[in-house]
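Reader: I am new to this structure and would like a close look at a single part of it. Please take the place where the chains meet, and then go on to what lies around it.

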2 protein chains.
Amino acid sequence: MDRRLGSGFAVSLAALALTFAPAAAPALAQDDPAPPARPTFSGSDLGEGPWDFYSEYGPIHLEVVARLERPWGIVFLPEGGMLVTERVGRLRHIDANGTLDPEPIAGLPAMYTFGIAGLKGIALHPDFATNRLVYMAYSKIDPMDATVSSLAVMRGRWDAGSHELADVEDIFVADTWYGAAPLPERCCGQGPAFGSYGGRILFDPDGYLFVTSGDRNYGEMVQDPASHYGKIFRMTDEGEVPEGNPWVGLDGHEPLVWSTGHRNPLGLAYNPATGELWESEFGPRGGDEVNRILRGGNYGWIDVTQGMHYNGEQAEGIRNVDGMIDPVLAFGPPSLNPGNLTFFQGDTIPGWEGDMLLGSFSEGLLRYDTDQVGMPIGVPEHLLKQLGQRWRDVQQAPDGSIYLLTDQTTGAVLRLTAGE
Amino acid sequence: MDRRLGSGFAVSLAALALTFAPAAAPALAQDDPAPPARPTFSGSDLGEGPWDFYSEYGPIHLEVVARLERPWGIVFLPEGGMLVTERVGRLRHIDANGTLDPEPIAGLPAMYTFGIAGLKGIALHPDFATNRLVYMAYSKIDPMDATVSSLAVMRGRWDAGSHELADVEDIFVADTWYGAAPLPERCCGQGPAFGSYGGRILFDPDGYLFVTSGDRNYGEMVQDPASHYGKIFRMTDEGEVPEGNPWVGLDGHEPLVWSTGHRNPLGLAYNPATGELWESEFGPRGGDEVNRILRGGNYGWIDVTQGMHYNGEQAEGIRNVDGMIDPVLAFGPPSLNPGNLTFFQGDTIPGWEGDMLLGSFSEGLLRYDTDQVGMPIGVPEHLLKQLGQRWRDVQQAPDGSIYLLTDQTTGAVLRLTAGE
């Protein structure tokens, strides 16, 4: 314990680190789901491409692979090609030649697709090459009330060339059931009931599945260790609890939880160079974060945030609050609106070895140099900002190139490589 | 990658961070195993105790539990009591009342016990309560040449009250076979062939066994990724390779390796509050280190060290060398001679929650405040220094007290609690 870091010290550190831009507080009724409280950035038309730009270390080249509606997550197939989720509820196949199959893969359950709800992250089972199991997070409809939804993770078997997912089943359904009406009384002008699902998923090299779960704009639930709101889970490929999870066997704690105190964690990346899990999340007004996720960590929401609440209230805490882990990076106001993140491996784009790439809706693709332990350092380079896209996902393909998804109705899958 | 941190910058940082005390270089023949190149600290007679001291946060109380010869590692039994290794090759049982069984537990293999060789770290299988499997690292004798030894990990079954270990077998034998003569030509005045085994072991909550392996005073072997010199291994409870290890499937790499570039890693701790692995290691003259162990990390030895070689040569690199991870803490010259380390959990000693405790041979028991992500901060408190002991192991018992082992011929097991 360190008694020397008192609250006075914390406040002065925060004052040094952050400048809050005073902003008019939108007057939102707590139960009004209609106007999104966060200023949205709808994105521009992409155009045809290809494009050639310069990054700090040399030329880069970007081209469109396919056009999709609100693409959200992408995985690369061992036989070449990829699967891409569309938030509107479709799973798509692009083959090794970059040709999009015009027919979506059928067999997915009905899902809630209002607002930002819908089909989310995707991951392949570590033994996908033999068992062909695909995992996807989505917004599940309450079978008893179609206005109520929660986060779930399904899996199904997809054979190469097939147009249907087989043996589809949920391996996890969160308890974040929540709907349009009647809404519970909530503080701080939180947003609509069709938001903040989380839903980014990945397998780590030990074969554990990590799943992010948002606060459903009901942040008061997050610090309840028994609830699924605002958590990152670690589970087996069957959705079961690994013995090594931090709160296994503790009364009043959900044993699937790996970390807590998240608002809307939409990005999740494993850095193979360090073995660490990293996460990006939407905060409230400002307070977007990048976190290094530690086992059993509490990242503060709703008690602690770098941002302001949507109704303009200052959040309760700022930094250095006992028991809460501060973000590695914090943004805004104005909001960065972060997409997914990844750590670049290899040397296919010279100078990018180990760098952290972070998508955003308003500031392009951010590239951070990293130090020897994978921490981002200095001021990021803002790439592709001139294209005006909402960069939702960023993933490195087996060939070393970077694939990007744009979160727009007329969205796209793009491929970024070293230029000439 | 960060091009801005060039070698000039690295050197100037190092100059800011460290002051090297010029020291006369002992003239050691490279093949002379006799005089230890590091100044030794033999320790003082402990006395009877008990003792009462004050730490920064209040009174602490220390008492002798048992007297042992060169105790090295301790584990706590689910039925109460503990098992303790003596470096001279004996395994001892202390019952729940703190009574030492005068009869050692038999059944251990013959082992090499010259110099600092012998019986080392101990760990209980995660399912010990039912399978009663005890794991121990030791210096194994080459069956073909009794002057040659290597690090090995044995396991055996120990039933409560038994005076014999059953079903003893090696689950891992390192390839660091090395002996008194003929010694290979080595640089830098490295020490004798009966040193630098490593040998600290632990199971993490996922059930993987971590094993530290020293450089055997043959540091030239450490940066060879195929060798077992100067590594930390991760293995299953059967000594097999977990699929998630960083170098699995790469030609020329030993797949059991989790991290590399270590000299003599004698301390290893898992911080349950962060899920991170930490390590302490003996460097050369100065250059003792505490490291946060990342998957696939390279900690620099023999190319990079904060210390000086035993023959007085400056080491090749200092800090910020590409591809090498710098220590979190570095000590000396003069050397700290670190023992094991642990992260204090709970509140049985008020004010110590989350603190890092690090044994040393020359500077007492160091207590560091830690921040919210488990990093030691500020200047440590030096506890128990007045007792003049070589603090080899430090472990927290299930009742929240701290057990300490002194690495002395007339050594002891001690118990540290909050005072009154």
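How many residues does the contact take from chain A and from chain B?

Author: The contact takes 34 residues from chain A and 35 residues from chain B, where contact means heavy atoms within 4.5 Å. This is a predicted model, in which local features need pLDDT of at least 70 and side-chain atom pairs count only at pLDDT 80 or more, while totals for chains, interfaces and linings use all residues; side-chain values use heavy atoms, with hydrogens and water left out. Residues are numbered from 1 along each chain as its sequence is written, and chains are lettered from A and ligands numbered from 1 in the order in which they are written.

Between them, chain A and chain B bury about 2900 Å², and 43% of that lies on carbon and sulfur atoms. Buried area is the accessible area (1.4 Å probe) that two parts lose on being put together, summed over both. The interface of chain A and chain B also holds 15 residue pairs in polar contact, both residues being at pLDDT 80 or more. A polar contact is a pair of N or O atoms within 3.5 Å; within protein, one must be able to donate a hydrogen and the other to accept it, and residues adjacent in sequence count only if both atoms are side-chain atoms. On the side of chain A that touches chain B there are 15 nonpolar, six polar and 13 charged residues. Here Ala, Val, Leu, Ile, Met, Phe, Trp, Tyr, Cys and Pro count as nonpolar, Asp, Glu, Lys and Arg as charged, and the others, Gly among them, as polar.

Side chains of opposite charge can pair when their charged atoms come close. Across the interface of chain A and chain B there are four salt bridges, each a side-chain nitrogen of Lys or Arg within 4 Å of a carboxyl oxygen of Asp or Glu. Over all chains, the whole structure has 46 salt bridges. One salt bridge links the side chains of Glu276(A) and Arg292(B), at 2.7 Å from N to O. This pair joins two chains, because Glu276(A) lies in strand β16 (residues 276-282) of chain A and Arg292(B) in strand β17 (residues 288-293) of chain B. Helices (H or I, at least four residues) and strands (E, at least two) are DSSP runs, numbered from the N terminus.

Elsewhere in chain A, four strands form an open antiparallel sheet in the order β11-β12-β13-β14; two strands pair if DSSP finds at least two bridges between them. β11 (198-203) and β14 (257-260) of chain A stand at the edges with a single partner strand each, so one side of each has no neighbour in the sheet. Within this sheet, strand β13 (residues 231-235) of chain A pairs with β14(A) in the antiparallel sense over three bridges. Phe233(A) has Val257(A) in β14(A) as its bridge partner.

Chain B has an open antiparallel sheet of four strands in the order β19-β20-β21-β22. At its edges stand β19 (338-343) and β22 (376-383) of chain B, each with a single partner strand, so one side of each is left without a neighbour in the sheet. Strand β20 (residues 356-360) and strand β21 (residues 365-370) of chain B run antiparallel and are joined by three bridges. Leu357(B) has Arg367(B) as its bridge partner in β21(B).

Some backbone details remain. Most residues other than glycine have a negative phi, and most peptide bonds are trans. The peptide bond from Gly332(A) to Pro333(A) is cis, with omega near 0 degrees, and Pro333(A) lies in the loop between β18 (329-331) and β19 (338-343) of chain A.
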